[in-house]
Amino acid sequence: MPVDNASAVGTVFDIKQLAVYDGPGIRTTVFLKGCPLRCMWCHNPEGLSYQPQLMVSSNNCLHCGACIRACPNGGKTCTACGRCIRACPQGLRKLCGKRYTAQELAQKLLRDKDYLAAMSGGVTFSGGEPLLQPDFLCECLRLCRQAGIHTCLDTAGAGFGSYDGILRWTDLVLFDAKHEEPGGYRRVTGCGMEKAQAFLEAVRRAGTPMWVRHVVVPGLTDGEAHMRALAAYVETLPNVQRVQLLPYHTLGVKKYAALGIQYSLQGTPPMDAQLCRQYEAVYFPAYAGNRKGDKTDDAVSAVGGLCAR
């Protein structure tokens, strides 16, 4: 892992400011493209492929043909050149995925350094699976950390290994626990659990603090029996400060249609958020709520105040 590689290049599909659910305080979250998992509930399908992708919304399409006329391949194949985006009179097309050097991205993020510090926040690197871009990720983490910005890594641990350099510059890991046992893990992600286990061992060695996050899907990862098993699994994990149960939602379903991908949980209703809070209180009492210096509730209130102005 390079120690100083500011020219490392990565692909980012979104940068979200004023994020309040991606670690402590108010944060900027950077979403890196590329993920080996195929989680049934994924709400960021534009983060699965490493390559830039065209997203097309069919709503309000005039069927004017401007996009096809602009396409160098006559609309038969897409190379993500972006010409149809500029040609569309309705603005229904966008390209997901922009290349940055680590230095370019860090300079962009450092503009908000003082504000993020004042709001007890920082920068979170998410995805996709950010560990699939290890050199770029490591250098971005280093540049942020050395500039005094708190760093979070939101990951399922599905990377290539050799995580010591990355964890050296990570203040907090947000570990996405997909499932507590290998059979269930493969069922909901399409992959084995071995890479996640290897990453957790690296976290154990590094001593990096960790929050565990788990998506609760009706009929799939909910229920009393599942929560008991999940609680037992959490007790085996290193350095856990907090457990967050994230209610499944359907906000990303339309993205699948825009990318021409089939959605596997079509018809599944959103999870009851209040029931998730009850599960946290019953099965994770030592890890639930505003603990370990977390100021998420304060951050939510602050963002609400900003938006109301």
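Strands β8 and β9 (residues 210-216) pair in the parallel sense over four bridges, where strands are DSSP runs of E with at least two residues, numbered from the N terminus, and two strands pair if DSSP finds at least two bridges between them. Within this pairing, V212 of β9 is the bridge partner of F175. Strand β7 (residues 150-155) also pairs with β8, again in the parallel sense and over four bridges, and here L153 stands opposite V173 of β8.

The model is a predicted one, in which local features need pLDDT of at least 70 and side-chain atom pairs count only at pLDDT 80 or more, while totals for chains, interfaces and linings use all residues. Residues are numbered from 1 along each chain as its sequence is written, and side-chain values use heavy atoms, with hydrogens and water left out.

Both faces of β8 are covered, with L172, L174 and D176 buried on one side and V173 and F175 buried on the other; buried means under 20% relative accessible area, taken with a 1.4 Å probe on protein chains only.

D176, which lies in β8 (residues 172-176), is buried yet has no salt bridge, and the nearest side chain of opposite charge, R213, is 4.1 Å away. A salt bridge would require a side-chain nitrogen of Lys or Arg within 4 Å of a carboxyl oxygen of Asp or Glu, and in the assignment of charge Lys and Arg count as positive, Asp and Glu as negative, with His and the chain ends not counted. Leaving aside neighbours within four places in sequence, D176 is in contact (heavy atoms within 4.5 Å) with D154, T155, A156 and R213.

Key:
Buried means under 20% relative accessible area, exposed over 50%, partly exposed in between (1.4 Å probe, protein chains only).
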